[in-house]
Structure formats: structure tokens, C-alpha cells
Amino acid sequence: MQRVRFAPSPTGFLHIGSARTFIFNWLYARHNGGAMILRIDDTDVERNTEASLASIFEGLNWLGLGWDELYRQSDRLALHRQAAEAIFAKGLAYRDFTPATGDEGAKSRATGPWLFNSDMRELAAAESDRRAAAGEPFVLRFRVPRESRTAVAFADAVYGGQSKLTTDIEDFALLRSNGAPTYHLASCADDADLRISSIIRGQDHLSNTFKHILIFEALGVEPPRFGHLPLLVAPDGAKLSKRRHGPVVSVTTYRDRGFLSHAYVNFLCLLGWSPKDNREQLSRQELIDAFTLEGVNRANAVVNFSEEDPIDAKALWLNSQHLRAMPVDELAPLVRAELEATGLAVPYDETGLRTTVDAIRSRFFTIKDFPIRGRAYFADDFPIEADALDKLNKPGARELLRELSERLQANPEFTEQSVEADLRALADARGVKAGVLINGARAALTGQPVGPSAFTVFTAIGRDRAIARLGGV
RNA sequence: GGCGCUAUCGUCUAAUGGUUAGGACAGAGCCCUCUCAAGGCUUAAAUACGGGUUCGACUCCCGUUAGCGCUACCA
């Protein structure tokens, strides 16, 4: 059985790139009948926060896909220690007593590739043991084999054959001087223990994979398969970051903007993956059926947003498509929740709500449009837009609308057909074009110059409210 | 600096040696129409550059350029 995992570290909110990685893993698991494992990689106690963990779950829950198993790395420290000891016992790691300088990164960039400190790598075992026993702090480093083998290679499911010379791989750390495992060790030890069969993750880990393969081998297990995903970047090509790009990088932004979670999942899937048959709008099942790692491409994908508009136009379009296409039965409860969240009492029964939602949704893009642009359908206090006011201010318009209101009082059935008949009869009788009355009625009923067919508006608003609004112009 | 990865319309992408280089979003126009959307139709828009290989390159190879990633006792 295939086993894949998503392993976020709780150092911030759920990033949209992380969300996409989660989705691809989930899709892969479902497509192959495998298991989706969620593992919280919280080995960096300095940077992890419970608030961040909560916001990651918040984002994941909104996506609504779920997972099969849940683990927390901080619960598995003993396993990581054992793994480090096993590797050390095999002579595949050594103690490095060099004191931390705090600027390792700067050093390596300034002086070229830093691979290892030969004094420490070759330190006699007795001497190493003596210093450790004396309590001298050390970092446990992997002893990258450079004589016994020349390269590490693997076949990436997305990027193809990969190979790196062992002379280009540094002696990376396994254990920090405080005894805590590094990401590389903890991640591989857990992946081995959890029997992860395929690791699907961001391309920023492609170079790390050589180290990971070395660790898996040192642990005596077969390395899993790897599939790396192209990164999501900003319009200027830079990696998306909270600091520079703000809320666009958090999935909760899209939730708060009224996106349907599935539509957003659909959008994210199209960034770096394609079903190759020109389909864009796909249901969850269609995504599961179509998803393969072979369909993933290799170039980074740009999330197309701007300062003025943080939402990618295609995401918005896709959302509007799903908004129109999804069953009204599923949409109506979401609309009801949104209305109630904004303090509007829903003046419809279930059937009435569904009818109204169905009538107005083709003009809307997100759930937020219902209480805002659709306010007149749900409340009696709604703004009159300037263009609508112009229509009402046309000479004779108000009188005609009030006359229509009276005429409709004699129309008990109030169907689209009967209302239309009444309106057209009145227009004929007064010698005005029906369109003038129709557009005036829409303006009076909704406060907007645009919207659905006026007769649909009449029935959606309902007889009593419609008559009152026309009579009150 | 070293190592690795990548490069098709503005953006997301299709085309794995032979197509007038296709689709979608965004843009422009037309149709439909009680308005606005939706929908339909039309239009503009791309193979980074330079060399090869080949009868034939978006596709394969080399180089250049650009971007990204890794190069931490972060993940």
C-alpha cells in the first residue's frame, strides 16, 4: 500500500504552497488507494508555536480533504535519538566539537563550499569518546562517504534522473549540540518508521534529497520514491513570503474572501499540474481520477496577484464557475451561514432560499457577494445605487411604479408570467416601453440597475415585499 | 562563489522530432437581451538567445543569459 505524508512545521500559518503540497499528496493517496499521513514537524522548539499549529489546522480543515493518520514529531524524539545512535554506531557519523559561531551561513558563502572539518572527521575514537564523556558539547555529523563512492543518484518522479557527486555534499548535522535532532534526521527517521513509500514535497528539497538518501541507507532501509513539486512564486519570480507579499500567501485569506474551498483546491491544482486535456474545472473525484505525478511540470508557477488586487483572476473565475455549477442544495447552507455571520436574518424558508440563491448566483463570484451585492434579496434596508436612482428619477417613473404596485395587489398568484402580464398591460395602457418599467422595477426592488430578469426578482423578493417597495418609491 | 533545477502568449498551461504552436484566465469586438452577468462567436498575444544533430526541431545536445533552490547546530 502506498503511504504519503504532508509534514508542515508550525512556524506560521498554512502557506498556499504548503496547501498545494498537501493537496497533491492527498490526491496521490486517493488516486492510488493509499494512506495520507499528516505529520507535524515541530523539532525546532525555538520557532514553533501553538498558535501556528492551530492556524495550520484551521487552513487544513477549511480545505476539507482530511487525512488518515496524525503524528507529532515532538512525540517521537526517542526514535530520532535511536536513529542517530545507530548511525553513529555504524561509524557513519562523527562528533564535531567545533563551537557554534552563529554565522555558519555567512562563512560558507564567503569562503566557498564548506564540506567538513577534517580535524573533527578524523578525530580518534578514543579522543572523541573522552571529550564527550567530559561533557564537551558537540554536533553529530554525517560522515559522507567520498572515497568509497563517487555519487548519490535517484530517479525523481517529476524531475527525472538526479545525481550528485559525494564531493559536493557536505557533512551535514544529524544532532544539534543540545541533543535535538535536525530536520534531516528527524524527517528521515520518521519517514522510515512510518513506512512512507513516496515523498511528495516542494522542489526546495530537491538538493536535500541526496542527504536524505544517505540517511535512509545508513538506517538500513530502502529510500522511498521521491517526487518534487515546482514552487509557487510571486509575479516578480520571488518565493512567496508573508513579509513581502502579505495575506496572499495564507489560505485563510481565500476562505475569508468567500471562496468555496473546493474551487480553491481546484485552482491550486492547476498551478504546476495539468490533466493534459484542457479541462480546468474539475470536481474532487475528477481530480482524484486525473492526478498523476507525470502530470506535474517542472517550472515554478506564478500566482498572479497585484498590490491592488491580491486575488488571482483565474482563481476568482474558477470560484464563480463552481458557484454556478454546484448543486443549490450544497450552496444554500453556505449562503445561509454567510448571511447569518453578517447579521442578516434569512427571510426565506429552505425552498425559498434555494430559489433565490439559484436566481442570483450566476452574477456572483464569491459567497461574500450574497450579503453584499445581494443584500436587497435578504434585507429591507439596502442602499440605492446612483444609477438605479437615475432610473427612478426619470419623469413619471415613480408614478408608474406606484401604479404597478396597486395593480399587483390584485394579482394573488404572483408568478413570473402573471407579473409580466400585468406589467406589460400597464406599459401598453400608459404608452411607455415595457423596458422602462421593467428596469425601473428592478431599481426599486433591489436598488441596483443590474441583476437578474426583473420578473425573477419579483418572485424572489416575494409578493408582499415587492408591492411595498414599489409603492414606497 | 560552489552544486542543483528551470525557461511556450501578460498569467496558468497543451503539444514528449512532422500542428496554421492548442486551451483557459485577463484584454478588445460582435451576437443574444428588460439591465447586468452568464453563454456563443471573433480578435490580439508565446517557443529567452546563439550554436549544433536531423530531411525536419517547442521537443534532443552544447553554450550564453535569466530566474529559482540548496550550500545552518531552519524546516
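Residues are termed buried when their relative accessible area is under 20%, exposed when it is over 50% and partly exposed in between, with a 1.4 Å probe and protein chains only. By this criterion, 49% of the 473 residues in chain A are buried. The structure is a predicted model, in which local features need pLDDT of at least 70 and side-chain atom pairs count only at pLDDT 80 or more, whereas totals for chains, interfaces and linings use all residues. Residues are numbered from 1 along each chain as its sequence is written, chains are lettered from A and ligands numbered from 1 in the order in which they are written, and side-chain values use heavy atoms, with hydrogens and water left out.

Chain A contains 22 helices and 12 strands, taken as DSSP runs numbered from the N terminus (helices: H or I, at least four residues; strands: E, at least two). Because its radius of gyration is 31 Å, well over the 23 Å given by the globule rule for 473 residues, chain A is more spread out than a compact globule. Here the radius is taken over C-alpha atoms, and the rule is 2.2 Å times the number of residues to the power 0.38. The C-alpha trace spans about 110 × 40 × 35 Å along its principal axes. Of the contacts (heavy atoms within 4.5 Å) between residues at least 6 apart in sequence, 74% join residues at least 24 apart.

The chain carries 57 positive and 62 negative side chains, and the centres of the two sets lie 2 Å apart. Lys and Arg count as positive and Asp and Glu as negative, without His and the chain ends, and each charge is placed at NZ of Lys, CZ of Arg, CG of Asp or CD of Glu.

Individual residues were also examined. Glutamate 399 belongs to helix α18 (residues 397–409) and, at 46% relative accessibility, is partly exposed. Its C-alpha atom is separated by 71 Å from that of isoleucine 199, 200 residues apart along the chain.

Positive phi values in residues other than glycine occur at asparagine 278, near 70°, and at phenylalanine 414, near 55°. Asparagine 278 lies in the loop between α11 (261–269) and α12 (284–290) and is exposed, with a relative accessible area of 75%. Phenylalanine 414, in the loop between α18 and α19 (416–430), is buried, with a relative accessible area of 7%.
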